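Open the model in your viewer and have the selection tool ready. The tour moves one selection at a time.

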Amino acid sequence: MSIPTTAPTAPEGSRESRADRRRRGTDSRTRGDRRFTLALVAPAVLVVAALFAYPIGYAVWLSTHQWNDKISPRHPYIGVRNYTTLFESGEFWDAMGRTAFFSVITVIGGVALALGLAILLNQDFKGRTLARVLLLVPWAVPPVVNGIMWRLIFDGDNGIANTILRNLGIIDENVQWLADPDTAMNVLIFAEMWKLLPFLTLLLMASLQNIPRNLYRAAGVDGANAWKRFLHITLPGVKGALMFALIVQSMWSIKVFDTIYVLTGGSGGPAGGTTTINFLGYLTTFSNLDRGYGAAIAVVIMVLVILTTLFWILLLGRPAGGPSRWRRKPGATADVTPSLKEPGRDELAQPAGVAGESQ
Amino acid sequence: MSRPHSFPTSSAVSRRRFIGIGGALAAGGLLAACGGEEPVTGGGGDAAPASTLGTTSGASGSIRILDDNTNPVFLNGVVEAFQNDTGITVEYEQANFNDLHDRLATLFSAQDSSYDVVMTWAAWSAEFGQAGWLQALGSDAVPTDLLPAALDAVSWNGTVYGLPKFASAQTMFYNKELFRQAGLDPEAPPATWDEFVAAAKALTTGDRYGFTCDMGNTDGAYQNFVRTLLLNGGQMYGDDNTVTFNDERGVEALTKLRDLLTVDKVMNPSSLQITNASDLGTLFGAGQTGIVFNWPSQWAAATKEGAVVGRENTGNAIIPGISVTTASIDGSEGFAINQFSQNKPAALAWLQYVTQRPVQTRIVEEEGWFPVTTTLLDDAAITETLPVVSTYKEQSDFEIRRYGSPWYSDVTQVLSTNISRAMLEQATPQEALDEAAARATDIVERYTG
């Protein structure tokens with residue numbers, strides 16, 4: 001007896017098959033759902049468009065004009081000349097270099113430090129609640145106060161940083177932290193990371209708490225050491241939160257302003273050593289009132305932020321088929337957890353012994 | 001296989017649509033820019049003021065004033081007295097000086113009329129005046145006995161845009177007690193640059209430096225260089241605003257300033273990170289440095305209750321010159337009227353009220369700033385109240401400049417960055433000034449060309 005290997009095809013002109021009818025019904029429902037969804041989100045989209053698209057469009061428009069009120073009341077259209085001037089400017093590339101240095105340290109260093117702290121605070125130990133509360137302190141400090149505080153700490157004459165280092169015998173003479181471009185940049189990085197660490201840590205800690213403990217227990221039973229548990233359970237488990245943390249930290253780093261302003265008395269000094277691209281935009285727009293050129297810088301910053309965001313999404317938000325270590329099992333039920341179902345015997349038997357391991 | 005952390009397919013379509021919409025908007029903006037007429041705002045550029053304000057007749061109603069936080073006397077009775085005397089209601093607000101420029105620029109560019117009166121000084125009078133954002137005053141609105149330097153602080157290019165609230169210039173303050181301890185005569189302050197360096201060396205012991213200044217931000221670095229440039233007989237600009245600060249005198253001035261830090265080692269290294277005069281004043285008042293070149297308010301800071309130095313140990317003299325006897329930089333401030341104000345007569349009444357004797361006397365006595373009129377400057381009672389007034393009169397016989405101009409902030413940024421490079425020995429004074437001069441020339445040409 002022959003067994004058909006494919007579904008029987010309906011004769012031409014006959015009634016449509018049940019599968020076709022099902023598909024047609026599904027399509028119809030999908031279209032209806034989509035229309036309903038669009039109707040629901042339309043008001044929000046309009047508001048967002050008004051609040052975001054207009055200023056962005058205006059900035060782009062402004063950047064194509066020579067707009068400096070101190071020079072002339074007329075603001076002629078100059079096409080992309082502001083952009084060509086910008087890309088030919090050494091000042092711009094210096095600021096880009098500083099922004100890149102600042103961002104790489106604060107994004108990679110900040111997120112790594114936050115992950116370490118989150119893992120630490122996720123352990124059971126005496127005083128954990130107090131430690132978690134203390135973690136929030138930097139977050140509760142207003143940005144300007146944060147800047148003033150670090151400026152006083154690193155004051156060249158009376159700062160406590162010098163006092164401590166001298167008492168410890170590490171330095172003989174006071175270090176003028178904010179007088180040298182390199183040390184000023186390091187102080188800036190330090191102050192920024194201190195300010196942003198609580199948010200990143202809390203974000204990652206919330207994500208860590210969604211990872212079922214039994215995964216770690218099972219991995220332990222299978223002999224996975226701490227590093228393997230971190231690599232195969234923790235990292236995949238916090239992948240979503242990690243991606244979000246990297247994206248927002250990248251945005252904040254590129255757009256850093258308030259700490260620079262307070263630490264350097266609004267100058268971006270010394271010798272321009274803390275003038276990042278966003279601060280350059282501020283100086284151009286508000287100090288020099290060169291609004292067309294400043295708008296060009298703002299547009300470049302916007303593109304930079306979009307590209308950085310895309311970079312992280314493409315790197316970490318990659319679907320199945322990407323690096324195997326980051327893939328998740330089918331049937332995962334939450335974004336930030338590798339799997340909420342109990343691990344099966346097969347999973348426990350794997351060498352790494354983890355759910356969320358590559359398929 | 002599931003696709004965790006990836007967007008559903010329908011979202012991908014939405015993203016494309018969103019990008020399309022964004023692109024269309026941006027393109028629309030560009031097209032609008034291409035096709036639209038040239039936008040015109042304000043009355044900036046070289047446009048002459050359309051009309052001047054000269055009378056306060058019919059001044060009534062209410063005004064709002066935005067000032068910096070230099071003068072507490074306004075909050076402590078002057079505003080109230082003005083209201084009682086004129087019947088004009090005043091809403092007076094103070095803001096940090098360092099934040100005020102950007103706030104005013106934002107208000108003016110939006111043609112905002114919220115504030116009728118705003119604080120001004122040499123750079124802003126030129127910058128905002130040139131942009132057409134300040135109301136020009138007629139000659140009948142300006143008192144005839146104003147000090148030239150004070151009037152200069154509210155004027156640009158021959159047009160008066162406001163009236164001064166106090167006059168100010170830097171003079172030398174020194175700690176007499178530290179002079180005695182160093183074996184120096186406290187009644188014979190240094191009169192030349194070499195004497196100053198020698199005194200500063202004698203005053204430098206252990207952690208305490210003989211001289212401290214405030215070069216930690218843009219304006220500070222600029223001020224300290226310009227003062228030294230003037231002391232060496234140099235000028236920022238020549239005829240037709242030609243940049244001259246990188247000439248022989250400029251290079252020598254910057255070399256001498258740098259040498260204080262790197263060769264003579266008499267300049268407190270924290271000078272490169274002190275960002276304002278009040279911090280400098282506090283340092284001097286606490287007896288942590290021997291000599292400062294500071295604004296007249298330094299006297300009040302050093303002699304106030306609780307200050308270590310005190311009145312009897314605060315010495316004051318003209319700044320020792322390098323190739324000239326002395327010179328200084330101006331720091332006078334004033335008030336101007338917002339071009340978009342709805343009540344200009346009442347605003348002018350405030351400006352004029354502040355220049356009058358009762359208010360000026362309070363500013364001199366309670367805050368230590370100099371009066372704005374020659375009549376008051378010559379008043380014996382004023383000199384008795386504020387001994388530094390006599391030094392200011394002596395200093396006024398020599399050059400006192402600030403070089404306020406519409407390009408002040410642009411050039412200041414460029415110059416201060418390069419001055420810092422020279423101070424940090426990242427460039428020689430010649431290299432630093434040549435770099436700054438090349439860029440400053442481009443900037444000035446953009447404004448004047």
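What distance separates the centres of domain 1 of chain B and domain 2 of chain B, taken over C-alpha atoms? The two centres lie 27 Å apart.

First, the ground rules. This is a predicted model, where local features need pLDDT of at least 70, side-chain atom pairs count only at pLDDT 80 or more, and totals for chains, interfaces and linings use all residues. Residues are numbered from 1 along each chain as its sequence is written, while chains are lettered from A and ligands numbered from 1 in the order in which they are written. The model scores ipTM 0.79 and pTM 0.80.

**Stop 1: the domains of chain B**

Select 53-168 plus 331-399 of chain B for domain 1, then 171-329 plus 407-448 for domain 2. These bounds come from an automatic or database domain assignment. Their contact takes 18 residues from domain 1 of chain B and 18 residues from domain 2 of chain B. Here, two residues are in contact if their C-beta atoms, placed from the backbone, lie within 7 Å.

On the domain 1 side, pick out α4 (122-130) and α16 (388-395) of chain B, the elements that give two or more residues. α16(B) gives the most, with five residues. By class, this side has nine nonpolar, five polar and four charged residues. Ala, Val, Leu, Ile, Met, Phe, Trp, Tyr, Cys and Pro count as nonpolar, Asp, Glu, Lys and Arg as charged, and the others, Gly among them, as polar.

**Stop 2: confidence in chain B**

The mean is 87, and 88% of the residues of chain B reach 70 or more. Now select residues 1-37 of chain B: pLDDT stays under 50 there. Helices are DSSP runs (H or I, at least four residues), numbered from the N terminus.

**Stop 3: chain A**

Select 38-61 of chain A, one of the spans that an unreviewed UniProt entry annotates as "transmembrane region". Such annotations may be inferred rather than shown by experiment. The span is 100% helix, and its end C-alpha atoms lie 30 Å apart.

Next, show domain 1 (52-88 + 276-314) and domain 2 (92-273 + 318-349) of chain A. The contact takes 16 residues from domain 1 of chain A and 18 residues from domain 2 of chain A. Finish on α14(A), which gives the most to the domain 1 side, with seven residues. The residues of that domain 1 side divide into 12 nonpolar, four polar and no charged.

How values were computed
pLDDT is the predictor's confidence in each residue, from 0 to 100.
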